[in-house]
Amino acid sequence: MRITSTSCICPVLVCLCFVQRCYGTAHHNSIKVTRNQTKHIEGETEVHHRPKRGWVWNQFFVLEEHMGPDPQYVGKLHSNSDKGDGSVKYILTGEGAGTIFIIDDTTGDIHSTKSLDREQKTHYVLHAQAIDRWTNKPLEPESEFIIKVQDINDNAPKFTDGPYIVTVPEMSDMGTSVLQVTATDADDPTYGNSARVVYSILQGQPYFSVDPKTGVIRTALHNMDREAREHYSVVIQAKDMAGQVGGLSGSTTVNITLSDVNDNPPRFPQKHYQLYVPESAQVGSAVGKIKANDADTGTNAEMKYTIINGDGIGVFSISTDKETREGILSLKKPLNYEKKKSYTLNIEGANTHLDFRFSHLGPFKDVTMLKIIVGDVDEPPLFSMPSYVMDVHENEKIGTVVGTVAAQDPDSASSLVRYFIDYSGEDDRYFNIDANTGTIKTAKVLDREETPWYNITVAASEKDNPSLLSHVVVGIRVLDVNDNPPELAKEYDIVVCENSKPGQVIHTISATDKDDFANGPRFHFFLDGLTLNPNFTLKDNEDNTASILTRRRRFSRTIQDVYYLPIMISDGGIPSLSSSSTLTIRVCACERDGRVRTCHAEAFLSSAGLSTGALIAILLCVLILLAIVVLFITLRRSKKEPLIISEEDVRENVVTYDDEGGGEEDTEAFDITALRNPSAAEELKYRRDVRPEVMLTPRHQPSSTLESIDVQEFIKQRLAEADLDPSVPPYDSLQTYAYEGHRSEAGSISSLDSATTHSDQDYNYLGDWGPEFKKLAELYGELESERTS
């Protein structure tokens with residue numbers, strides 16, 4: 001079967017179609033399928049045929065974007081078995097079969113029913129088959145072929161990344177690369193010129209150019225100046241078909257900004273400036289500004305201002321404001337119109353970041369002259385010193401002169417000055433000042449130990465203009481007078497050991513003095529009293545301390561546990577002052593290494609050689625013995641007695657004997673009276689834990705009526721008596737009441753009272769008494785049978 005294409009439209013396709021038809025089976029795009037045998041369907045006998053040629057076909061082509069009214073003809077399927085009688089049926093399957101591509105099953109013509117877009121799908125894979133129309137048996141094996149969508153120029157170039165924003169330094173050389181733009185075309189780049197793009201510049205000449213093949217944008221002028229023009233809008237066009245007429249095109253915009261370089265030096269607008277500064281300006285304050293212009297921006301416009309010379313170079317300073325790029329002029333020293341009325345400064349402004357490529361455009365600095373005029377101002381009085389320090393002794397009488405301050409009007413008018421002390425808040429006024437002379441005097445008696453230093457503020461004003469004030473700080477130091485005697489530094493707790501030796505140091509004391517160093521130390525220590533102390537002595541160490549020493553061997557707390565030692569202390573002032581104190585010394589028991597063991601008087605046993613641990617052990621032993629004695633007495637008191645009084649102890653109610661007596665009556669080891677009926681209880685058993693104080697009541701006496709007493713009622717009465725008995729001890733007692741019940745109707749079956757001879761009684765009635773007497777009936781039945789036999 002042959003597949004023939006008739007879709008050759010252009011001359012190139014006509015040539016291709018001619019080659020395909022003439023040499024279809026001899027080229028690389030032709031496929032020959034040979035079938036050796038055919039297997040019949042539905043189990044028919046396999047028939048061998050002569051091998052014949054199968055399908056021979058080529059690739060099909062269909063133009064995209066077909067807009068005709070009729071379906072587009074694609075090609076034709078033809079089988080060698082087709083005789084033209086319509087017996088061959090052609091079937092088409094695969095991608096788009098039946099929807100996009102339809103086939104005439106008789107002629108094998110294939111048509112495209114829809115407009116195809118190569119950019120969405122480039123080819124379709126289909127399968128062709130020829131079968132017998134009447135038997136549906138395949139005449140040819142199924143074969144695969146491809147329908148390719150042939151490209152047309154239906155897509156314009158596009159700049160996917162546009163619009164672009166880019167910068168290039170100003171003053172760049174011509175031909176400096178700025179940016180490379182790229183346009184993409186969705187058409188087939190392997191077929192024709194549909195995707196061959198050429199770049200051109202529509203807007204931006206003569207400043208920039210573009211390479212038609214690569215799309216690289218370059219500068220087209222020398223020394224483009226940012227200060228002249230900073231922003232450029234360049235429009236680039238991309239056209240396919242290699243730029244030929246009829247090609248499609250697309251464009252994009254490239255926004256180019258010239259970045260700044262330091263190619264402009266700073267310049268002062270004027271060569272001479274003048275500034276007015278009042279003499280009242282405060283030191284450190286800003287008094288003026290100056291600025292040099294720089295056409296550059298950013299770091300390229302940064303500059304530094306410097307005072308290079310002038311008579312005011314030591315009075316004024318200049319700094320640079322980085323935000324505004326201004327020079328800030330500040331005052332370093334106070335101005336005085338009466339001494340100097342003007343100053344001259346030469347100020348330089350220079351760039352801090354230089355670009356040596358443009359050094360030929362320099363120098364990148366400029367100088368201007370600034371004249372400063374000092375303005376006359378009515379100034380407050382000026383003190384002769386910036387601060388004063390004065391001395392005065394403590395305890396001086398009120399009105400003592402401390403010192404004098406002086407101020408004068410600096411103006412030429414030289415007005416009179418008034419003085420006063422500037423008190424703040426509710427401060428105590430310890431000083432007064434003469435308003436005309438400035439003499440300071442005491443207003444109260446001063447105590448150095450209370451306040452050694454005073455700081456006051458003295459104000460001065462012009463008499464004619466009281467609002468103009470100036471202030472000065474006056475420090476007044478209170479000088480010391482020896483008016484405080486020395487005293488012990490603290491309350492001392494002094495201990496002497498009982499086993500101390502003569503000359504042993506038991507403590508060291510020191511003293512303090514509220515007065516100044518000159519009137520305080522050095523201190524002298526000595527004992528107070530004319531007689532010599534036999535127990536202790538005092539040694540002055542000559543370093544403002546003293547040591548207390550023992551004078552005899554051993555002390556005893558039992559004799560005396562506290563000693564009092566009076567001492568005297570004098571200072572080194574003129575005149576010298578002294579004071580007396582009394583030291584308390586306690587006698588304590590100490591270890592061998594000198595550690596204090598105890599100082600309490602009740603610990604006298606320690607002298608006998610018993611330590612604290614031994615005393616504690618003795619006390620613990622005594623307590624344990626007392627606890628054992630108390631526990632023993634308590635156990636003896638709580639020992640229980642038997643609760644029931646009987647002839648024999650209840651614990652001895654088991655008696656062993658080996659004789660065969662006449663039954664239970666030959667021993668009193670167990671009283672079985674309680675196991676009989678109530679009439680057998682002839683006497684009442686007394687309880688052994690309490691001696692009864694009352695005799696038996698008539699209710700307790702045996703009565704002939706006991707034969708008729710109900711046993712249950714009898715037991716209840718005994719329980720009530722036990723519950724109401726006031727002599728019951730605080731523990732339970734056991735009282736046992738047992739009853740065998742009334743006598744059996746059959747009489748006694750015991751052998752105790754039976755005769756020695758056999759009875760002739762008939763025991764057959766035992767079988768009628770029920771299962772309880774079944775064993776007894778069998779037993780007596782056997783005995784009876786033996787006796788008769």
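This is a predicted model: local features need pLDDT of at least 70, side-chain atom pairs count only at pLDDT 80 or more; totals for chains, interfaces and linings use all residues.

Student: Why is Arg 325 called partly exposed?

Tutor: Its relative accessible area is 26%; buried would require under 20% and exposed over 50%, so a value in between is called partly exposed. Arg 325 also has a positive phi, of about 55°, without being a glycine, and its place is the loop between β21 (316-321) and β22 (326-331).

Student: What makes Asp 391 and Arg 477 a salt bridge?

Tutor: The closest N and O atoms of Asp 391 and Arg 477 are 2.9 Å apart, and the criterion asks for a side-chain nitrogen of Lys or Arg within 4 Å of a carboxyl oxygen of Asp or Glu, so the pair qualifies. Asp 391 belongs to strand β26 (residues 387-393) and Arg 477 to strand β33 (residues 469-479), so the bridge ties together parts that are 86 residues apart in sequence. Asp 391, at 34% relative accessible area, is partly exposed, and Arg 477, at 35%, is partly exposed as well.

Student: How do you know that Asp 493 and Arg 586 form a salt bridge, and what parts does the pair tie together?

Tutor: For Asp 493 and Arg 586 the closest N and O atoms are 3.1 Å apart, and the limit is within 4 Å, so the label holds. Asp 493 lies in the loop between β34 (487-488) and β35 (494-497), whereas Arg 586 is in strand β41, so the parts tied together are 93 residues apart in sequence.

Student: Are Glu 498 and Arg 557 buried or exposed, and how far apart are their closest N and O atoms?

Tutor: Both Glu 498 and Arg 557 are buried, a label that requires under 20% relative accessible area. Their closest N and O atoms are 3.2 Å apart in a salt bridge.

Student: How many salt bridges does the structure hold?

Tutor: The structure holds 17 salt bridges, and a network of such bridges links Arg 226, Glu 227, Glu 230 and Asp 260.

Technical notes. Residues are numbered from 1 along each chain as its sequence is written. Side-chain values use heavy atoms; hydrogens and water are left out. Helices (H or I, at least four residues) and strands (E, at least two) are DSSP runs, numbered from the N terminus. Buried means under 20% relative accessible area, exposed over 50%, partly exposed in between (1.4 Å probe, protein chains only).
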